[in-house]
Amino acid sequence: MNQRARIAMSDDEVTAFLEGSRKVQLATINPDGTPHLVTMFYGLDEGRIAFWTYGKAQKARNLARDPRVSCLVEAGDDYDQLRGVLVYGVAEQVDDRDRVLDIGMMIARRMTPGVPDDLLTPYVEQTGRKRIAYVVERTKVVSWDHRRLT
């Protein structure tokens with residue numbers, strides 16, 4: 001077995017890793033073709049990465065023009081502890097306002113573990129007025145777990 005195959009995560013491990021993480025590095029494509037990279041909190045919508053942003057944000061403008069994204073979730077500080085999942089996909093905008101707020105609640109819960117929903121709801125409803133949400137449809141997933149190297 002080659003080293004790449006040894007360090008790849010199974011589908012279940014990818015799912016568990018995404019469920020256990022909170023932040024994603026999201027890359028969209030600027031008008032000049034360069035990457036626009038930001039770190040964001042995310043939620044999971046039926047296993048798919050979901051995020052929201054202000055409608056006038058650069059990433060939203062980029063996605064309106066070209067919906068292709070790369071989403072990196074990673075962990076570990078030393079080489080032998082590095083783990084990560086790189087999701088390539090297409091960000092589909094969520095148009096239903098209730099669903100946008102549901103995604104906002106998913107994200108708010110992950111940002112502030114243990115905070116009751118009744119305290120999060122006013123924040124989500126207020127900021128949700130100017131936000132749009134996206135769900136990433138995967139086209140390719142690459143994963144690695146360097147802990148398997150030892």
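Modeller: The structure holds 7 salt bridges, a salt bridge being a side-chain nitrogen of Lys or Arg within 4 Å of a carboxyl oxygen of Asp or Glu. This is a predicted model, in which local features need pLDDT of at least 70 and side-chain atom pairs count only at pLDDT 80 or more, while totals for chains, interfaces and linings use all residues. Residues are numbered from 1 along each chain as its sequence is written, and side-chain values use heavy atoms, with hydrogens and water left out.

Side chains of opposite charge can pair when their charged atoms come close. E137 counts as partly exposed because its relative accessibility is 26%; buried means under 20% relative accessible area, exposed over 50%, and partly exposed in between, with a 1.4 Å probe and protein chains only. R48 and E137 also belong to a network of salt bridges that includes D45 and R99.

In another salt bridge, R68 meets D66 at 2.7 Å, N to O. Here R68 is partly exposed, at 48% relative accessibility, whereas D66 is buried, at 16%.

D145 and R147 form a further salt bridge, at 2.8 Å from N to O. D145 is buried, with a relative accessible area of 6%, while R147 has 39% and is therefore partly exposed.
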